[in-house]
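Please keep the structure open while reading.

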Amino acid sequence: MFLTFPIMVIRVNPVEHIVEWRWRNMLLIGVGSFLLSFVWHYFIRRKELGVQKAEGGGDESIPLIQRILTKKAVYRPTLAVIGILILVFPFLFSLYQTNIMISALIYIMLGLGLNIVVGLAGLLDLGYVAFYAVGAYAYALLNYHFGLSFWMVLPIGAALGATFGILLGFPVLRLRGDYLAIVTLGFGEIIRIVLENWNEFSFGPSGIANIPRPSLFGIDLSVHAATIYIYFIMIGLCLFTIFVVNRLQDSRIGRAWIALREDETACQAMGIDKAKTKLTAFALGATWAGMSGVVFAAKTTFVNPASFTIWESIIILCVVVLGGMGSILGVIAGALVLILMPEYLRAFSEFRMLAFGVLLVVMMVFRPGGLIPNVRRTYKFEGVTEPKKG
Amino acid sequence: MEPVLNVQDLGMNFGGLRALDAVDLDVGKNEIVALIGPNGAGKTTFFNCITGIYAPTEGDVLIFPQGKDRPKRINGLKPNKVTEKGLARTFQNIRLFPNMTVLENVMIGRHCRMRAGILGAVLRGGSTMREERAAVEDSYTILEKIGLDPFVNEFAKNLPYGAQRRLEIARAMATEPFLLLLDEPAAGMNPNETRDLDELIKRIRDEEGISILLIEHDMKLVMSLSDRIFVVDYGRKIAQGTPEEIRNNPAVIKAYLGEETDA
């Protein structure tokens with residue numbers, strides 16, 4: 001209250017050479033901060049109670065979403081409703097809405113890809129957008145020079161992404177934590193700066209325009225139809241990503257990634273090849289970025305280096321952190337919140353960064369695990385080992 | 001006696017510091033060998049040299065895998081390769097994977113005995129699923145032997161201290177070693193837990209046929225467990241022999257208690 005006194009209460013009116021005292025503002029700030037601190041303490045209290053409950057054990061500590069997921073009777077219809085919603089979405093809403101949804105889907109895919117690197121393998125990658133750029137430029141350039149179609153470039157983009165992932169992976173094998181973050185950040189910037197300055201190759205800052213949208217069996221679609229088509233392509237790709245990432249997570253490789261995140265030395269002492277595990281994480285993470293880059297180029301029909309700044313990397317990272325590291329559902333929720341909210345709250349666009357910051361701080365205090373934290377798989381043993389003993 | 005590990009003239013320099021100087025050590029099949037010495041004597045460095053965390057400056061580390069008559073030189077190999085060869089270790093300060101379940105911790109130990117790749121993980125073919133199921137069952141069997149089966153789905157970080165120490169042993173056993181290296185397994189344990197550990201280590205040796213090399217400060221445990229004891233001080237081996245011989249060895253007494261001053 002007193003800190004804000006000079007700005008909020010005193011106003012010097014330079015025209016009339018008088019000082020205005022706005023006492024009403026002071027009252028408002030006082031009441032406001034009182035209420036805010038009250039709410040804050042309320043939530044802190046609740047959180048502490050929650051922690052105690054969790055330590056005490058019992059069913060209540062299992063989060064709501066987890067309970068929904070484990071109950072088949074609830075889970076199936078929910079999934080069906082979401083499925084139908086997804087299918088009819090582009091026909092119910094305008095083209096604008098569909099476009100927003102496509103970008104949200106692209107971020108879901110990027111988030112899931114980065115989730116492999118950051119959430120599972122624990123390698124903080126701040127240059128993830130570079131692989132996204134690789135995918136987008138792969139489509140733009142291959143189409144421009146050789147006339148390759150969207151469907152041909154999609155796997156090429158994925159492969160190129162993976163290749164660049166390994167290229168980045170090799171020099172950073174020995175690094176961890178902050179050092180790794182700095183190097184990946186540099187790598188991301190290198191890619192962007194190369195694209196910006198190598199005019200003969202990438203047409204510099206002016207970018208490449210008139211990239212064709214994907215065609216359906218050789219038929220060129222109208223803008224409207226093509227957007228809906230891309231929407232469904234993205235839905236398909238997202239489902240594919242979820243499928244693959246989910247299976248990887250619960251496999252030998254997924255476990256090795258998590259072990260690497262938890263303790264590198266112990267992980268190596270347990271017989272896990274550190275270099276190989278790190279490289280597969282980088283490569284598989286980058287694959288998804290490469291693919292979503294191709295879709296991005298097809299959607300906007302125009303690429304230039306300005307789309308691939310460090311901010312993009314940070315937003316993707318926020319999607320992962322906000323959603324819940326290592327959690328697929330969390331990443332989806334994070335992408336939807338972070339990408340859709342700013343679009344629908346355009347009226348408050350000036351406060352976007354502010355809201356973003358507040359959101360992150362509040363999240364870190366109250367739900368450090370993210371919106372939907374990851375839950376490890378549990379196994380049941382009833383008589384599994386009985387026959388072995390006898 | 002049939003040897004499983006033979007270390008010859010092992011030397012390790014950190015810059016100008018000579019951490020290990022010509023240390024010899026050997027472990028026989030089905031033997032429990034203890035490595036003791038005052039703090040900072042170089043015991044853990046010795047472990048790190050054997051398991052590939054450091055590459056020793058000089059000397060040889062030879063292992064004698066079962067079914068092969070020629071010894072294998074393993075110094076300079078990466079830690080994961082050493083583990084693959086059949087040497088597994090635990091750490092002085094517990095290094096579990098805290099945010100993984102107990103079962104998953106053990107399954108990480110199975111990692112190097114499994115083959116599934118990326119494609120296998122995504123497609124989940126028959127062989128991958130069989131391997132995965134076998135890994136789960138094997139891990140559970142190991143947990144049962146160690147007595148950790150009630151904690152199967154618990155996060156490793158939520159385990160009581162003694163159980164965490166035992167989980168480290170379980171994880172190391174999952175790599176199917178012929179030699180288990182334990183770095184201060186009884187550190188921080190109460191007398192009851194230490195007694196259980198004593199029993200557990202003997203059982204691992206007798207039932208699994210795994211030889212054991214351990215670093216330990218708890219002399220009661222060392223004397224009760226070990227077939228032979230090696231003593232190091234200032235990076236040099238000062239004595240070796242049976243517990244009885246070590247107990248009466250003047251050099252060892254001097255290293256632990258200091259020199260007698262009365263004439």
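Two residues are in contact if their C-beta atoms, placed from the backbone, lie within 7 Å. The model is predicted.

**Two helix pairs in chain A**

With that cut-off, A:V129, A:A130, A:A133, A:V134 and A:Y137 of α6(A) touch A:F187, A:G188, A:I191, A:R192 and A:L195 of α8(A). Eight of these residues are nonpolar, one is polar and one is charged. Helix α6 of chain A covers residues 129–146, and helix α8 of chain A covers residues 177–197. Angles under 35 degrees count as roughly parallel, so α6(A) and α8(A) are roughly parallel to each other.

A second pair joins helix α5 (residues 95–120) of chain A to helix α13 (residues 274–300) of chain A. How do these two helices run relative to each other, parallel or antiparallel? The packing angle is about 165 degrees, and the axes are 7 Å apart. Angles over 145 degrees count as roughly antiparallel, so α5(A) and α13(A) are roughly antiparallel. The crossing of α5(A) past α13(A) is left-handed. On the α5(A) side, the contact residues are A:I102, A:I106, A:M109, A:L110, A:L112, A:G113, A:L114, A:I116 and A:V117. The α13(A) side includes A:F282, A:W288, A:M291, A:S292, A:F296 and A:K299. By class, this contact has 16 nonpolar, four polar and one charged residues.

The table sets the two pairs side by side.

| Helix pair | Angle | Axis separation |
|---|---|---|
| α5(A) and α13(A) | about 165 degrees | 7 Å |

**A buried methionine**

A:M109 sits in helix α5 of chain A. Is this residue buried or exposed? A:M109 has 26 C-beta neighbours inside 10 Å. The cut-off for burial is 20 or more, so A:M109 counts as buried. Setting aside neighbours within four places in sequence, A:M109 is in contact with A:L237, A:C238, A:T241, A:W288, A:M291 and A:S292. A:V223 is another matter: A:M109 and A:V223 are 114 residues apart in sequence and 23 Å apart in space, C-alpha to C-alpha.

**Loop residues**

A:F203 lies in the loop between α9 (199–202) and α10 (223–249) of chain A. Its phi is near 65 degrees, a positive value in a residue other than glycine. A:F203 has 19 C-beta neighbours inside 10 Å and counts as partly exposed.

A:G204 lies in the loop between α9 and α10 as well. With 14 other C-beta atoms within 10 Å, A:G204 is partly exposed. Beyond its neighbours within four places in sequence, A:G204 is in contact with A:E196, A:N197 and A:N199. A:G204 and A:V194 are ten residues apart in sequence, and their C-alpha atoms are 8.5 Å apart.

B:Y234 is in the loop between β9 (228–233) and β10 (236–241) of chain B. Phi of B:Y234 is near 50 degrees, again positive in a residue other than glycine. B:Y234 has 15 C-beta neighbours inside 10 Å, so it counts as partly exposed.

Chain A has 17 helices and two strands. Of its 390 residues, 36% count as buried. Among contacts in chain A with a separation of 6 or more, 76% are between residues 24 or more positions apart.

Chain B has ten helices and ten strands. Its radius of gyration is 19 Å, close to the 18 Å that the globule rule gives for 263 residues, so chain B is as compact as a globular protein of that length. The C-alpha trace of chain B spans about 75 × 40 × 35 Å along its principal axes. Of the 263 residues of chain B, 46% count as buried. Among contacts in chain B between residues at least 6 apart in sequence, 67% join residues at least 24 apart.

**Where the chains meet**

Note on methods: Residues are numbered from 1 along each chain as its sequence is written. Chains are lettered from A and ligands numbered from 1 in the order in which they are written. This is a predicted model: local features need pLDDT of at least 70, side-chain atom pairs count only at pLDDT 80 or more; totals for chains, interfaces and linings use all residues. Axes are lines fitted to C-alpha atoms, for helices over the stretch in contact, and angles run from 0 to 180 degrees between N-to-C directions. Helices (H or I, at least four residues) and strands (E, at least two) are DSSP runs, numbered from the N terminus. Angles under 35 degrees count as roughly parallel, over 145 as roughly antiparallel, 65 to 115 as roughly perpendicular and the rest as oblique. Ala, Val, Leu, Ile, Met, Phe, Trp, Tyr, Cys and Pro count as nonpolar, Asp, Glu, Lys and Arg as charged, and the others, Gly among them, as polar. The radius of gyration is taken over C-alpha atoms; the globule rule is 2.2 Å times the number of residues to the power 0.38. A residue is buried if 20 or more other C-beta atoms lie within 10 Å of its own, exposed if 12 or fewer, and partly exposed in between; C-beta atoms are placed from the backbone. A crossing is left-handed if the near helix is turned anticlockwise from the far one by less than a right angle, and right-handed if clockwise.
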